[in-house]
Amino acid sequence: RFLERLAGMVSDQAYEELDKEWRADVYYLVRAKRCQKYIPYIMQHRDVIEAPEVLLAQLMVETSCSSGLRSWAGAVGPMQVKHTACEEVGIYRNVRYNNHLNFECSHRYRMRLREHYGYWGCATHVAYNVGPTHARTIKDPCAHKYARKISFVLSEMARMYREKASKRRKD
């Protein structure tokens with residue numbers, strides 16, 4: 001049911017701004033088994049996870065739903081969180097191979113950013129990606145490639161939900 005909220009949340013402009021190859025990758029990812037393995041965790045914790053659809057979109061954009069990864073900047077795990085971010089939110093254990101802790105750290109950090117910015121939006125997404133200090137220097141966060149990718153994934157998820165819902169109504 002959490003995808004129901006997506007219908008009016010994103011614009012179709014993001015679809016046209018991203019290249020076709022990336023759009024095809026997202027289409028694949030939404031249906032990919034490696035992404036769907038995280039959905040039970042997200043659904044199990046949906047009462048505490050605010051905006052679970054945004055969490056899923058970030059998972060797709062950050063790592064294409066892969067785990068155990070390490071970025072050039074030192075971010076680890078499926079949600080690509082840095083140890084410093086985890087320490088800021090009270091998690092001091094290694095989160096690279098522990099998906100539960102990785103999601104927990106990501107969720108707490110996302111909530112901290114949301115409280116700072118006051119809403120889920122481009123500025124919050126960009127701050128998650130580049131850090132709050134660097135995010136302040138970006139004049140138009142919605143034009144940032146990361147924010148556009150998040151918007152696109154959300155719009156694809158909403159489109160797929162609408163298609164599935166309309167098929168159910170026809171049947």
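Me: What is the relative accessible area of C142?
Reply: C142 is partly exposed, a class that lies between buried (under 20% relative accessible area) and exposed (over 50%), with a 1.4 Å probe and protein chains only. The model is predicted, so local features need pLDDT of at least 70 and side-chain atom pairs count only at pLDDT 80 or more, whereas totals for chains, interfaces and linings use all residues. Residues are numbered from 1 along each chain as its sequence is written, and side-chain values use heavy atoms, leaving out hydrogens and water. The relative accessible area of C142 is 43%.

Me: How many helices does the chain have?
Reply: Helices are DSSP runs of H or I with at least four residues, and strands are runs of E with at least two, both numbered from the N terminus. Along the sequence the pattern reads α-α-α-α-α-α-α-α-α-α, and of the 171 residues in the chain, 47% are buried. There are zero strands, and the number of helices is ten.

Me: How many disulfides are there?
Reply: A disulfide is a covalent bond between the sulfur atoms of two cysteines, and here a pair counts if the sulfur atoms lie within 2.5 Å. One link joins C86 to C105, with 2.1 Å from S to S, and another joins C122 to C142, also with 2.1 Å from S to S. By this rule, the count of disulfides is two.

Me: How many residues apart in sequence are the parts that C86 and C105 tie together?
Reply: The link of C86 and C105 is left-handed, with -110 degrees about the S-S bond. C86 belongs to helix α6 (residues 83-88) and C105 to helix α7 (residues 99-117), so the parts tied together are apart in sequence by 19 residues.

Me: What is the handedness of the link of C122 and C142?
Reply: C122 is buried, at a relative accessible area of 15%. The angle about the S-S bond is 100 degrees for C122 and C142, and their link is right-handed.

Me: Where in the chain do C122 and C142 lie?
Reply: The pair ties together parts that are 20 residues apart in sequence, because C122 and C142 belong to separate elements. C122 is in helix α8 (residues 122-130), while C142 is in the loop between α9 (132-135) and α10 (145-170).

Me: How far apart in space are G121 and C142, C-alpha to C-alpha?
Reply: G121 sits in the loop between α7 and α8 and counts as buried at 9% relative accessibility. Although G121 and C142 are 21 residues apart in sequence, their C-alpha to C-alpha separation in space is 8.2 Å.

Me: How many of the nine residues of α8 are buried?
Reply: The buried residues of α8 are C122, A123, T124, H125, V126, A127 and Y128. Their cover includes α5 (52-63), α7, α9 and α10. Helix α8 is thus mostly covered, and of its nine residues the number buried is seven.

Me: At what angle do α8 and α10 pack?
Reply: Two packed helices are described by the angle between their axes and the distance between the axes. The axes are lines fitted to C-alpha atoms over the stretch in contact, and angles between N-to-C directions run from 0 to 180 degrees. The axes of α8 and α10 are 8 Å apart, and the angle is about 120 degrees.

Me: Which residues in α10 do those of α8 meet?
Reply: Contact means heavy atoms within 4.5 Å. On the side of α8, the residues are C122, H125, V126, Y128 and N129, and in α10 they meet Y146, A147 and I150.

Me: What is the angle between the planes of Y109 and Y128?
Reply: Rings of Phe, Tyr and Trp (its six-membered ring) pair if their centres lie within 6.5 Å, and planes under 30 degrees apart count as stacked, over 60 as edge-to-face and the rest as tilted. The structure holds one aromatic pair, formed by Y109 and Y128, which are both buried. The pair is tilted, with 6.0 Å from centre to centre, and the angle between the planes is 55 degrees.

Me: What value is phi of C65 near?
Reply: C65 is in the loop between α5 and α6 and is buried, with a relative accessible area of 1%. C65 is a residue other than glycine, yet its phi is positive, near 70 degrees.
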